[in-house]
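Please read the following report alongside the sequence and the coordinates.

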There are 2 protein chains.
Amino acid sequence: MNDIEISQAATAAPITEIADQLGLSADQIEPYGAVKAKIKLPVAGEVGDSKLILVTSINPTPAGEGKSTVTVGLGDALKRRGKKVAIALREPSLGPVMGMKGGATGGGYAQVIPMEDINLHFTGDMHALTEAHDTLSALIDNHIQQGNELNIDPRQVTWKRVIDINDRALRQTVIGLGGRTSGVPRQDGFDITVASELMAILCLSKDLGDLKERIKRIVIGYTYDKEPVTVADLKVAGAITLLLKDAIKPNLVQTLEHTPAIIHGGPFANIAHGCNSVLATQTALKLADYAVTEGGFGADLGGEKFMDIKTPVLGKTPNAVVVVATVRALKYNGGVDKKSLETENLAALAAGSVNLKRHVQSMKRYGVPVLVAVNRFTTDTDAEIDQLLAYIKDELGVPAFDTTVWANGGGGALDLADAVVEATQQPSDFVPLYAPDDDLVTKMTKIVQDIYGGRDVELEPKAKRQLKTFVKHGWDKLPVCMAKTQYSLSDNAKQLGAPTDFTIHVREFVPKLGAGFIVALTGNVLTMPGLPKHPAALNMDIDADGTITGLF
Amino acid sequence: MNDIEISQAATAAPITEIADQLGLSADQIEPYGAVKAKIKLPVAGEVGDSKLILVTSINPTPAGEGKSTVTVGLGDALKRRGKKVAIALREPSLGPVMGMKGGATGGGYAQVIPMEDINLHFTGDMHALTEAHDTLSALIDNHIQQGNELNIDPRQVTWKRVIDINDRALRQTVIGLGGRTSGVPRQDGFDITVASELMAILCLSKDLGDLKERIKRIVIGYTYDKEPVTVADLKVAGAITLLLKDAIKPNLVQTLEHTPAIIHGGPFANIAHGCNSVLATQTALKLADYAVTEGGFGADLGGEKFMDIKTPVLGKTPNAVVVVATVRALKYNGGVDKKSLETENLAALAAGSVNLKRHVQSMKRYGVPVLVAVNRFTTDTDAEIDQLLAYIKDELGVPAFDTTVWANGGGGALDLADAVVEATQQPSDFVPLYAPDDDLVTKMTKIVQDIYGGRDVELEPKAKRQLKTFVKHGWDKLPVCMAKTQYSLSDNAKQLGAPTDFTIHVREFVPKLGAGFIVALTGNVLTMPGLPKHPAALNMDIDADGTITGLF
């Protein structure tokens, strides 16, 4: 059976029963149908001694790693061991679902359900973000249209528009054509919704009040005098916050094994911080003894940003980190062609394992126990698995586990779960990567050296010029959010394995004052994906009786 | 108290109780929080002898008519009289809410609640339509990008993009800029979501299967050889239908008096047919003895289209028509300036009453009992009300009632309700305006003469050329959907009252094969509104504790 067939064959428990596992009464949730709900805010309870487990991974490859699948499977395994557990995941973007094989709800027997709803409109959070973002866009253009009291330079509006669709034709547009009553002509473009600063903000807000204050601080562009213009200047923070009044509430669903899953927020892990919402993770910690969560892409992006951007807001650091790796992906890192991944190749596996080594070392650097989950594929040989497990234990000095959650659900990660429980009993000794008052270049240099294993950072002329204005505006001590390719530890997507002695080139900075960080753009970062030649949409169908096919 | 304060002060009944009034069990609905739900399809039951009441009005004016308010109040009054009743309304578009005083949920003590949810994201139907529409747009541009197998002429793509925001800057755009990997450059533009053909289709579909068949028939543009290209040709009807799997389900809420209200679908009443969904109206008829529904704008647009476009699909004609009028609006029609409407002016009232006369006559023409509701404002004088009621009874020969639903809820329309019940006991004798196989010009001529009170129809050169191709494609016998200004019976918005001897000029036709009608564009019809100088958004706010202000 494929993922949708497994999801459709499953019997979901009523969402009130899932809520009850977490001590939430029917009054404390807002059902969306029988098996989805929003959790009302504020959520009562304390984070206390609850354990936080971060699941991250090696650099993604076309071979597949299965980070979400392991996250779900680990949660199910902890539940099988009698623990009170909640999983906290990002919510998928609809756009990519129509393009390539989409979805971000785990796979096989380690899935969150109902996958067909979570991967489509879910509870409407993405649409609320799109609406809020584009309402702000319309209000900006209307301000310019109606006299431009704030003196906004139409050539310097940095607040683009968004849509939750892979639509390459909207990347670069000209708007405001058609004469005096139809706007002021200017260049513009659309990003995909998950790239909106509002998504990053939603995921870093502690409550509705904090959300509004952050929205006020968003810089939407600059005046003709090059002064920043904020949402507060436009006086529309109230309206934009109002549009997010429901989107800020975490969503509750369940795994195939009826483990509670809180799925909320999904910012990009390149131009944003790539983690589910602080409110979701905090809710999981308040309501369960074990909260299992993940960061986007590899440990160099989602992992680092979880540690350096999310935990200061969350006020809680992980008690354990699980790095997910696969034999296939490491062989790919070792130079094996995508088509030959199913053939045993111990030498390539050994060569590619340096990628895992780098990520394990960078996570260990934070002073938190690290474990490795080897997510087993059916084509992996015993010799390969044994070699990899031995390498991790002997060379990297961390516990490693053969997990089979796709095929066996929580039953495929019981040993991992036991080891995670044991690891979280250790006293935590979190070592931050940088100090809050380090300047931007210092912060970036520490990331490049300690996390990526590179040599240094080089600013291109535009970035250098921007840095000077940041000092003037007081933005030079903010956390930095590196926008780098996910495929390599360096800024060159083709450099697999564990490159060394490389320089990271910063092309441009993007201040995200609402989110509270400065994005450093390295290389070309695509913020609007395109559809492939044969989009997944062509295979999708729904019968007159509502049966869905072709959705993965 | 204003509308939102009244709404916030109200105590809504649990939605399961409202469902129970209609004989729906908890299993037959999908709750969206405690006081909103979707009704699962198919809805069991028969339309049988249930009575259908259409509420329509005179031409809208800046003075306000209150059609939705009367619809809600009449529903509440029928309930007070012990009838089993369901109201079927359109759902509001979010875009205009941020612009002018928005909302379409009635007013005062004749409101549907929770107005703050219904006027914002509600259950996500609008967003699902936006997503479905723009996914189709992206798939069209991607088809052209990836080799253009269907030979689509980029200059003749008629399927624009949509967004549920008043965004004048998106009316006319150039997309696909940025080079080879970012689409094919072409002129494009955005309409507001309610103008999407998908909205019209959703509102005319009998079930999920019918929805998909209609989507297949949508013409998205033409080939270089001027042949129509459909969604079926693109092979994506399944995916687009899938995105509407929940949006097709009618929404259930309640009035302040706990009368069930089914709010579903809201197409424009100019470029579309302006009525809530066939499924919503049919559901109201199946589950209640009295279904009270409305058409958009005046009887010349929403009323005519209800009769000629919606009822053939619904398979049921109204048992009574209520035309709403106000003293203020009729004085405005009689030449009184907007600022002087609160001063008694019997002469102007008499002069302007011809507008009401025209609408009453056109509705009587269908052979259905007609009644008039005079929606009283506090500034109306007794002399004005008496004169108007006497005119309606004596000159127009139909029953007329002084209603005060804004102030008194259902208690303000009890006499009207009694008369409506009596009227619906009369045997129905529906007389269609035109025969299905009349050609387009014949159909338009009958609308102009019998409904608008005009002389004839004139086709501009482009429309004439199109008519020839329609014959070739077999589209020349479809129902016609007139896109005309709502402010006048003629195609000149400044001609108030009841103009005669006028010609309607058809500039262009827009074939909507999925909806199953041909739109005839007369004059300039704006399908993307703009924001005013001081948008309503500037007054909106939400506190840290979730209290909303400034939303009307």
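## Basis

This is a predicted model, in which local features need pLDDT of at least 70 and side-chain atom pairs count only at pLDDT 80 or more, while totals for chains, interfaces and linings use all residues. Residues are numbered from 1 along each chain as its sequence is written, chains are lettered from A and ligands numbered from 1 in the order in which they are written, and side-chain values use heavy atoms, with hydrogens and water left out.

In chain A, 6 of the 6 residues of strand β18 (residues 370-375) are buried, that is, under 20% relative accessible area with a 1.4 Å probe and protein chains only. A:V370, A:V372 and A:V374 lie on one side and A:L371, A:A373 and A:N375 on the other. Strands here are DSSP runs (E, at least two residues), helices likewise (H or I, at least four), numbered from the N terminus.

β18(A) pairs in the parallel sense with β17 (residues 320-325) of chain A over 5 bridges, where pairing requires at least two DSSP bridges, and A:V324 stands opposite A:A373. With β19 (residues 400-403) of chain A, β18(A) runs parallel over 4 bridges.

## The open sheet

A second topic is the open sheet of 3 strands ordered β7-β12-β13 (chain A), whose pairing is antiparallel. Because β7 (152-157) and β13 (228-230) of chain A stand at the edges with a single partner strand each, one side of each is left without a neighbour in the sheet. β7(A) and β12 (residues 219-223) of chain A are joined by 2 bridges, and A:I152 has A:T223 as its bridge partner in β12(A).

Conventions: Buried < 20%, exposed > 50% of the residue type's maximum accessible area, 1.4 Å probe, protein only.
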